[in-house]
Amino acid sequence: MTFSQIFAVLRARWMVALAAFTLVFGTVTIITLLTPKSYTANASVILDVKNADPIAGMVSPSIASPAYLMTQVDVIMSNRVALKVVRTLKLNENPDMRARWIASTKGTGSFEGWLANVLRINLEARPSRGSNVIYVSYQAADPGFASAIANAFVQAYLETTLELRTSPAKQSKDFFDANTRSLRAALEAAQTRLSAYQQSQGILVTDARIDVETARLNELSSQLVTMQSAVADSGSRQAAANAQGDKSPDVMASPLVASLKSDLVRQQTSLEQLTTRLGEAHPQVVELKTGITETARKLDAEIKRMTSSVGVGNAVNVSRMNQVRASLEEQRGKVMRMKAVRDEAAILERDVDNAQRAYDGVLARMNNTNLESQANQANVSALENATPPSLPSSPRVLLNVALGGMGAAAVALALVLLIERLDRRLRTVAEVEHLLQHGVIGAIPSFKKRKPSADVSERFRLESTPVPALPNKA
């Protein structure tokens, strides 16, 4: 259907269209004017997601996620926050509210829960695009009540956020407090064991003292090696002296032995000369033989003394070696005992250190959770408080009237077209030509309204459309 046809239908059935338009438009206007006015109060909160937490010292990764804003919106819309609003404003003490609850639910269920659900119906919380602001709106018939409820929801949300932050910290504080006491007892027990062990050993084992004793052990070991070399040398000299005393190096190195040997050789030479010259019985020869015998006796005595002195030296070296060996074994045992004591003490000291670290770690966590449990502010704060609105948010008279007019026009047009479809008539020349597939020769005007001055030529108009040729039947 073309616009000209629609216009022709509306012109023919304008009374029906006008009645439908008037009915719909009037109904919308009356309903709009009779609808009670409602007011919407707006408040807002802002979330701090950039600055680090003053207690934890870091920014939680979950705060920067887009889901965090939606989580806060869900918290604002939660029943927990609504119940806090009910208790803060003492709505549960209002007799009118209780009467409405009894009339609505026959007294079944929770009165505070029913009030919370009623308040949540007209509550709206939405995050702002591109920012960390959440807008809280509440709609009510009284502007003061709407602003009071909006501000109460913001305050209840701030308190709930703080509770959600501090409640886990309070529970953790109790847990860490119990662990701190047990770890303190374990630390004291470890320190007691270490002190008792040190007192039982009678020494305070340190690395410096062990180093001194170890150095002494090394020195004794070096002395033992030196004494073993000296014993080997003196032993070989004693063996040589026992086998051939006069040819041993110690005897030959003696000046007295050398002097006695020289005297003996000189006396023997003189004896040979005197014996040849004076004879065996000459007193000088006899005296010289006696001197030779005495010199030989002195030489033998000196050789024996030197040989015995070599043996004594070897015995002294052996004795000193044995003493050094005994001292070395004693020092080795002492160092081994000190190392064992040190190792045992080190184990006890490690137990004390481990207990101390565990106690310090839990104590630090307990202090941190204690601070968190005493926190008086969260990372959210009120940005704007709601004020009683001066203009109602609904109904919007101009918008409703404009939409009612558009809807009435649409209903009128639809009704006219429906009636025209049930009672189809030819309204325009184009419809006739399209239906008959022939051009229109003339059109008879409507005689419902006659004009006195109109004659037949004006009332009967011939169309300028050429008459089609008749088919030839010859």
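Start by selecting Lys84, which sits in helix H4; helices here are DSSP runs of H or I with at least four residues, strands are runs of E with at least two, and both are numbered from the N terminus. Is Lys84 buried or exposed? Lys84 is buried, with a relative accessible area of 17%. Buried means under 20% relative accessible area, exposed means over 50%, and partly exposed lies in between, using a 1.4 Å probe and protein chains only.

Now show what surrounds this lysine. Beyond its neighbours within four places in sequence, Lys84 is in contact with Ala156, Glu159, Thr160 and Glu163, where contact means heavy atoms within 4.5 Å.

A word on what you have open: this is a predicted model, in which local features need pLDDT of at least 70 and side-chain atom pairs count only at pLDDT 80 or more, while totals for chains, interfaces and linings use all residues. Residues are numbered from 1 along each chain as its sequence is written, and side-chain values use heavy atoms, with hydrogens and water left out.

**Zoom out**

Colour the whole protein by secondary structure and you will find 14 helices and 6 strands. Of its 474 residues, 28% count as buried. Among contacts between residues at least 6 apart in sequence, 77% join residues at least 24 apart. The protein exposes about 30,600 Å², and carbon and sulfur atoms supply 58% of that area; accessible areas come from the Shrake-Rupley method with a 1.4 Å probe, and for residues only the protein chains shown count as cover.

Return to H4 and move on to Lys90, in the loop between helix H4 (79-89) and helix H5 (95-105). Most residues other than glycine have a negative phi. Lys90 counts as exposed, at 52% relative accessibility.

Next, select Lys106, in the loop between H5 and helix H6 (111-121). Lys106 also has a positive phi, of about 60°, although it is not a glycine. With a relative accessible area of 70%, Lys106 is exposed.

**The sheet**

Select S1, S2, S3 and S4 together: they form an open sheet of 4 strands in the order S2-S3-S1-S4, with antiparallel pairing. At the edges are S2 and strand S4 (380-384), each pairing on one side only. Neighbouring strands of this sheet are turned by 25° against each other on average, direction ignored; axes are lines fitted to C-alpha atoms, for helices over the stretch in contact, and angles run from 0 to 180 degrees between N-to-C directions.

Focus on strand S2 (residues 123-127) and strand S3 (residues 133-140), which pair in the antiparallel sense over 5 bridges; two strands pair if DSSP finds at least two bridges between them. They form a hairpin with 5 residues between them, and Gly130 in the turn has a positive phi of about 80°.

Which residue in S3 stands opposite Arg126? Pick Tyr135 and you have it. Strand S1 (residues 39-47) joins S3 through 8 bridges, and the two run antiparallel.

**A last stop on the surface**

Finally, select Val16, Leu415, Leu418 and Leu422, which make a nonpolar surface patch of about 360 Å². Helix H12 (residues 397-422) gives the most to this patch, with 3 residues. Leu422 lies in H12 and counts as exposed, at 71% relative accessibility. Patches are made of residues with over 30% relative accessible area and no salt bridge, with like charges joined within 9 Å and nonpolar side chains (Val, Leu, Ile, Met, Phe, Trp, Tyr) within 5 Å; a salt bridge is a side-chain nitrogen of Lys or Arg within 4 Å of a carboxyl oxygen of Asp or Glu.
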